[in-house]
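Welcome, and take a moment to look over the model below.

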Amino acid sequence: MADHPEVVRFRQDLIALTREAPSRDRPIGVAVSGGPDSMALLVLAALAFPNAVVAATVDHGLRPEAAEEARMVGREAATLRVPHDILTVSAPIEGASVQARAREGRYEALAAWAERRNAMAIATAHHADDQAETFLMRASRGSGVTGLAAIRPATTISGAAVVRPLLSWRRAALRATVRRAGLPFIDDPANHDLRHDRTRFRQLLDRNEWLDPPALARTAAAVGEAERELAEIAALFWRDRAEIRDEGVTLNPQGLPRDTLRRLARRAIIVVRAAAGITTPAFDDAANVEPLLDALQSGRRATHGGVVVGIRRGSWHFRPAPPRRSV
């Protein structure tokens with residue numbers, strides 16, 4: 001099976017992302033939920049890199065069936081001679097945006113696990129259909145270039161390297177791989193819950209054959225290339241236009257296009273927040289800073305993410321916002 005075309009393809013796709021083959025000392029960590037996509041990832045990794053794979057399943061504590069599903073993954077991993085761990089999230093997942101909170105808790109747990117296992121990276125089972133769904137979801141929300149780049153083939157989350165070697169694979173092909181291997185899998189009921197945006201867009205793709213998931217995935221990949229180039233341009237301007245002093249950042253915005261200003265403003269806010277130890281409100285490099293830019297370009301001071309930005313002599317000055325006065 002090691003020379004099966006699917007296994008050869010997977011081996012090539014993974015090494016293209018990691019730049020080197022995993023080894024016994026530096027294995028590839030695979031995140032396996034028990035669904036058909038992740039079970040395909042498990043079997044392909046086990047066949048492509050014998051004795052160089054470790055697996056983990058995260059039990060979010062959201063469904064009573066999840067514990068047994070995680071144990072099922074462990075049993076199948078054992079038959080493939082892949083060490084398997086069951087992980088739990090550090091805090092209960094509750095309140096609004098359950099899926100987003102679950103994702104955050106999942107990656108935090110996986111990052112800590114990968115470090116313990118000395119894994120070179122965490123591989124997830126995102127595929128071309130996931131990419132198409134994400135692209136359409138973000139396009140419908142009016143996302144810019146960063147959002148439309150959708151799922152990155154390789155990134156860093158919670159301090160861990162994350163790779164997606166199946167991004168060019170179709171969902172149906174992965175399901176066929178699992179069935180040929182004779183592995184069981186779980187169909188998560190959340191995948192059919194119309195309260196979730198992704199479920200609605202998945203049904204949109206399923207019911208409209210003229211919407212071509214591979215073509216949409218290629219578009220997302222092309223946007224991703226443009227995103228990387230724009231990020232490199234912004235990095236050059238950061239070196240030339242930004243000055244960091246104590247907890248503040250001064251930025252010269254003169255003549256720069258909106259996209260570059262957006263990236264530089266986010267970076268300045270992140271730098272100030274880190275220096276001042278600001279943790280709330282939440283802020284990251286994908287945060288919406290359009291109201292901030294509108295205010296600054298009209299000559300008005302503004303506050304965003306716990307950082308106040310003023311204008312002096314044409315430069316933007318970022319510093320920690322003063323604490324609010326108590327009544």
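## Surface and burial

The protein chain has an accessible surface of about 17600 Å², and 50% of that belongs to carbon and sulfur atoms (Shrake-Rupley method, 1.4 Å probe). Among its 327 residues, 45% count as buried, meaning under 20% relative accessible area.

This is a predicted model, in which local features need pLDDT of at least 70 and side-chain atom pairs pLDDT 80 or more, while totals for chains, interfaces and linings use all residues. Residues are numbered from 1 along each chain as its sequence is written, and side-chain values use heavy atoms, without hydrogens and water.

## Overall form

You will find eleven helices and eleven strands in the protein chain (DSSP runs: H or I of at least four residues, E of at least two). The C-alpha trace spans about 70 × 45 × 40 Å along its principal axes.

## The second largest pocket

The second largest pocket holds about 430 Å³ of space. Of its 22 lining residues, Gln-131, Pro-153, Leu-167, Ser-168 and Ala-221 are the closest to the centre. Here a pocket is an open set of points on a 1 Å grid where a 1.4 Å probe fits, with protein on both sides within 12 Å along at least five of seven lines; lining residues have an atom within 4 Å of a point. The volume is the space filled by probe spheres set on the points.

At least two lining residues come from each of α1 (5-18), α5 (128-140) and α9 (213-241). α9 gives the most, with eight residues.

Technical notes:
Buried means under 20% relative accessible area, exposed over 50%, partly exposed in between (1.4 Å probe, protein chains only).
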